[in-house]
Amino acid sequence: MCGIFGIQGHDEAANIAYLGLHSLQHRGQESAGLVARADDAKTTSGLRRHVAMGLVSDAFGREQLDRLPGAAAIGHVRYSTAGSSELRNAQPFLFDYAGGSVAIAHNGNLVNASTLKARLEASGAIFQTTSDTEVIVHLMAHAREPDVVGRLRAALAQVEGAYSLTMLTDDGKLIGARDPHGFRPLVIGRVKDAYVLSSETSSFDLIEADFFREVEPGEIVVIEKGGLQSYRIAVPAVEPRFCVFEHVYFARPDSLLNQRSVYRAREKMGMKLAEESPVEADVVIPVPDSGVPAAVGFSRQSGIGFEMGLIRSHYVGRTFIEPQESIRHFGVRLKLSPVRSVVDGKRVVVVDDSLVRGTTSRKIVKMLRNAGAREVHLRISAPPTTHPCYYGIDTPTRSELVAASHSVEEIARYITCDSLSYLSHDGLMAAVGAPSAGDGYCSACFTGKYPVPLGRPDEAVLVQLRRPS
Ligand code: AMP
C-alpha cells in the first residue's frame, strides 16, 4: 500500500508531483516525499530530495517545493507493509552508485527480498534502510550492464513479487516499471508535452492530464525529452494478476483500474450481493466511505431505499491519542456516528467492503442498535478475507483474520448482527469483469491461491513485521 508518481518535461514538475501525491494520499499516510532534478544538473547533486513523516500537506510547504526546481520529479506516499514506519524508510530513496545517481519510489512487496538481501550483504553490501525497495538498488549497483536501463533490467530479472516503480536518473530519465504479473497499478498520462506516471488515474483530473495508457505488466518505460521507449523485463511472460482488492477497497472510486471504473465495479459488487443474499429490510446504509458505492448498488438492485445512517468524521488523525480505559471503543466511535433519525425502529442493511478482524463491524452493529435499529443485517461486498497478502496490501497475519478460522455463522454471532452474508468469489469476479473466475486477477486474500509463492526466510520476516501492534 503506497502511491507513486512521476513527471518528465514540465517546468513545474515538483508542484505537479505534489498535487499528484495529494490525489494518491489514500494509498498511504505515514510519509510523503519528492525528488526533483534541477535542469542544469551536471553532477549527482542535481537530484534533490525532501521527505517527511505525515500527510503530503504536512510534509510540503512553499519553501520545500521552491527547493525542488526542474522539469522532472518523482514522488511517493507510504503505508508501511515491509519495513518499519520511520523517516529512513520514507521514499523516494536517492542512491549514488558507480553508474551515477538514481531516485526510486516503489509500491508493492517483494517476496524474495530477504533472500536477496542476505546474498548481497554476504558480498559486502551495506543497507541504509529496512525497506525491500533498497534491494533493487543494490542489485542495480552490482549489475555489469553499462547503462541504467540495462542495470534495472538485470535487477528486476532477479526480484520476485509485486512492484510498480517510478525512478529518476541524474541525466533526467523518468522510468516506470511494473512486475510481470502487474499486481499493483501504474498508469501513464499526458499533460501538455509532459508525460506523467501515477499509481491511479485519480491524480489526472486535478493536474489536467489525459490518460495515455497503462504501463503493461512486465514492461519498463523510459521517458526522456525525445519521447517514450518501451522495454520488457527479461523473465518469461506470465498471466497478468491484477490485485482485485484494489477494486474492492484500496483505490479511489474515481479512478480507472484495468480500464474499468472503480466506482462502477463496487456498485456492481453491491448489486450482485443483493442478488445473492437478499433480505427484508427498510433501509440500506453504507459504512462510509469505502462501503458507499456497493451500498448504492445493493439499494438499486433490492429496491430498498439508500440513506446515510452513519456519518464519518474526516478529521480523525492517525496520531490521535486514545484514552486507555475511560471511553471504550473510542476509535470507531470517533470515526463513525449513527444517525438516529435514519435507523430508529428500522430493519437496517449495513454494507461494507470487507471484514478483516471483525472488530469494526462488531462496534458498528452495537452503535446502530443503541441508536434504535430494530434489526441489523450486515452485507460484505467481497468474499471472506481468509489469507494475508504478500504483495503489498496491509492485511494482518492469518491468526488475526476472523474468517480464517471461523464460519460465517460464527462470525455473525461474534458481530451480534441478525444476519451476515459475503459476496461470492464468482460474484466478485463478475463485478470486475473477469472473463472467467480468477482470470487476470490475484484474489489470494480470498482464496489462498498465491500466484508467486513466498520463500521460507521471507515468510518469517513478513510474519514478524505483521505482529499485532
Ligand atoms: P476490521 O474487520 O475491524 O479489521 O476492519 C474492517 C474495515 O477495515 C472495513 O471497513 C474495511 O473498509 C477496512 N479495511 C479493509 N482492509 C483494510 C486495510 N488493508 N487497511 C485498512 N483498512 C482496511
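This is a predicted model: local features need pLDDT of at least 70, side-chain atom pairs count only at pLDDT 80 or more; totals for chains, interfaces and linings use all residues.
Which helices and strands do the buried residues of α1 pack against?

## A helix wrapped by its neighbours

Helix α1 covers residues 13–22, and eight of its ten residues are buried, so the helix is largely enclosed by the rest of the structure. The buried residues are Ala13, Ala14, Asn15, Ile16, Ala17, Tyr18, Gly20 and Leu21. Here is the reply to the opening question: these residues pack against the strands β1 (2–8), β2 and β4 (72–78), and against the helices α2 (56–59), α3 (62–66) and α7 (202–207).

## Charged pairs

Side chains of opposite charge can pair when their charged atoms come close. How many salt bridges does a search of the whole structure find? The search gives 18. Three of them are set out below.

| Salt bridge | N to O distance |
|---|---|
| Arg27 and Glu200 | 2.7 Å |
| Glu267 and Arg264 | 2.8 Å |
| Glu400 and Arg357 | 3.4 Å |

Let's take the pair Arg27 and Glu200, whose side chains meet at 2.7 Å. Arg27 sits in the loop between α1 and β2, while Glu200 belongs to the loop between β10 (194–198) and α7, so their pairing ties together parts that are 173 residues apart in sequence. Arg27 is buried, with a relative accessible area of 0%, and Glu200 is buried with a value of 0% as well.

Glu267 and Arg264 tell another story. Both belong to helix α9 (residues 262–276), and because they are three residues apart, about one helical turn separates them. Why does that spacing matter? An α-helix has 3.6 residues a turn, so residues three or four places apart point the same way. Glu267 is buried, with a relative accessible area of 5%.

The side chains of Glu400 and Arg357 meet in a salt bridge too. Glu400 lies in the loop between β21 (375–380) and α14 (402–405), and Arg357 in the loop between β20 (347–352) and α13 (359–370), so this pair ties together parts that are 43 residues apart in sequence.

## Out on the surface

Now for the outside of the model. Asp11, Glu12, Asp39 and Asp40 form a negative surface patch. One of these residues, Asp39, is placed in the loop between β2 (31–37) and β3 (47–53). Asp39 is exposed, with a relative accessible area of 52%; the exposed class begins over 50%.

There is a nonpolar patch on the surface as well, made by Phe306, Met308 and Ile311, which together have about 230 Å² of accessible area. Phe306 is found in the loop between α10 (292–302) and β18 (310–312), and it counts as partly exposed at 31% relative accessibility.

## Apart in sequence, and in space

Finally, look at Asp147, in the loop between α5 (133–142) and α6 (148–156). Asp147 is partly exposed, with a relative accessible area of 39%. How many residues separate Asp147 and Gly99 in sequence? They are 48 residues apart in sequence, and their C-alpha atoms are 7.3 Å apart in space.

Notes
Residues are numbered from 1 along each chain as its sequence is written. Side-chain values use heavy atoms; hydrogens and water are left out. Patches are made of residues with over 30% relative accessible area and no salt bridge: like charges are joined within 9 Å, nonpolar side chains (Val, Leu, Ile, Met, Phe, Trp, Tyr) within 5 Å. Accessible areas come from the Shrake-Rupley method with a 1.4 Å probe; for residues, only the protein chains shown count as cover. A salt bridge is a side-chain nitrogen of Lys or Arg within 4 Å of a carboxyl oxygen of Asp or Glu. Lys and Arg count as positive and Asp and Glu as negative; His and the chain ends are not counted. The place of a charge is taken as NZ of Lys, CZ of Arg, CG of Asp or CD of Glu. Helices (H or I, at least four residues) and strands (E, at least two) are DSSP runs, numbered from the N terminus. Buried means under 20% relative accessible area, exposed over 50%, partly exposed in between (1.4 Å probe, protein chains only). Contact means heavy atoms within 4.5 Å.
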